[in-house]
Amino acid sequence: MLDLFQRSIFEENLALAFFLGMCTFLAVSKRVETAIGVGIALIVVQSLSVPLNYLLHAYVLSAGALAWAGLPDVDLGFLRLITFIGIVAAMVQIIEMVLDRFVPALYGALGIYLPLLAINCAIIGGSLFMVERQLDLAESAVFGVGTGIGWALAILALASIRQRLRYADVPEGLQGLGLAFIVTGLLSMGFSAFVGVRVL
């Protein structure tokens with residue numbers, strides 16, 4: 001479990017190894033405060049949606065999963081993507097309502113980017129990787145938390161660097177997204193240094 005957790009944060013970082021969720025990743029990484037808010041929201045959504053999607057996949061959608069209901073021949077696997085998106089959208093909506101009620105400043109700062117988490121390919125990618133790798137419920141929970149933390153760590157690192165680069169003398173042609181892409185590539189190479197590193 002510890003190995004899976006470490007790999008999901010560093011080696012298989014959804015943002016820096018698979019480049020998933022780049023639209024939100026680049027758009028929200030201009031300020032550290034906003035990046036922290038989106039990162040925390042993504043951790044919560046990913047931590048809840050991956051295990052929930054596992055349960056849905058294992059007990060409803062996969063071939064033979066409905067044997068408990070007397071329908072052993074039913075295969076609802078073709079509904080996997082749409083149901084995963086539905087679970088993620090529900091999680092994002094709940095977080096949006098909670099933030100609006102209890103943390104209105106963060107809700108206002110996140111603006112349009114919070115609803116964009118509902119279609120963030122990093123979140124959907126986490127659930128699809130869980131199915132592809134045939135993880136069990138405990139592994140799915142660890143993988144969900146790890147991938148959420150990894151994505152949040154990556155966006156926080158990018159936001160910190162971009163905030164510092166505001167005071168740098170950047171050539172005009174690289175200002176804005178050009179430099180953000182270069183920094184993202186350098187971060188990706190830095191995170192790739194963790195490949196093969198094990199805690200125990």
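This is a predicted model: local features need pLDDT of at least 70, side-chain atom pairs count only at pLDDT 80 or more; totals for chains, interfaces and linings use all residues.
Helix 3 and helix 8 are roughly antiparallel to each other, a label used for angles over 145 degrees, with under 35 counting as roughly parallel, 65 to 115 as roughly perpendicular and the rest as oblique. Residues are numbered from 1 along each chain as its sequence is written, and side-chain values use heavy atoms, with hydrogens and water left out.

Helices here are DSSP runs of H or I with at least four residues, numbered from the N terminus. Two packed helices are described by the angle between their axes and the distance between the axes. For helix 3 and helix 8, the axes cross at roughly 165 degrees and come within 8 Å. An axis is a line fitted to C-alpha atoms over the stretch in contact, and the angle, from 0 to 180 degrees, is taken between N-to-C directions. The crossing of helix 3 and helix 8 is right-handed, that is, the near helix is turned clockwise from the far one by less than a right angle. The contact of helix 3 with helix 8 has 19 nonpolar, nine polar and one charged residues. In that count, Ala, Val, Leu, Ile, Met, Phe, Trp, Tyr, Cys and Pro are nonpolar, Asp, Glu, Lys and Arg are charged, and the others, Gly among them, are polar.

Next, helix 1 (2-11). Helix 1 packs on helix 8 (residues 137-165) at about 30 degrees, the axes being 7 Å apart. That angle makes helix 1 roughly parallel to helix 8. The crossing of helix 1 with helix 8 is also right-handed. On the helix 1 side the contact is made by Leu-4, Phe-5, Ser-8, Ile-9 and Phe-10, and on the helix 8 side the residues include Val-142, Phe-143, Gly-146 and Leu-153; contact means heavy atoms within 4.5 Å. By class, the residues of this contact are nine nonpolar, four polar and one charged.

Helix 4 (residues 80-102) holds Ile-95. Ile-95 is buried because its relative accessible area is 13%. Beyond four places in sequence, Ile-95 touches Ala-41, Val-44, Val-45 and Leu-114.

Most residues other than glycine have a negative phi. Phe-19 has a positive phi of about 55 degrees, and so does Gln-134, with a phi of about 55 degrees. Phe-19 sits in the loop between helix 1 and helix 2 (22-27), and Gln-134 in the loop between helix 7 and helix 8. Are they buried or exposed? Phe-19 is partly exposed, at 43% relative accessibility, whereas Gln-134 is exposed, at 69%. Leaving aside neighbours within four places in sequence, Phe-19 is in contact with Leu-14, Thr-184 and Ser-188.

Definitions and conventions: Helices (H or I, at least four residues) and strands (E, at least two) are DSSP runs, numbered from the N terminus. Buried means under 20% relative accessible area, exposed over 50%, partly exposed in between (1.4 Å probe, protein chains only).
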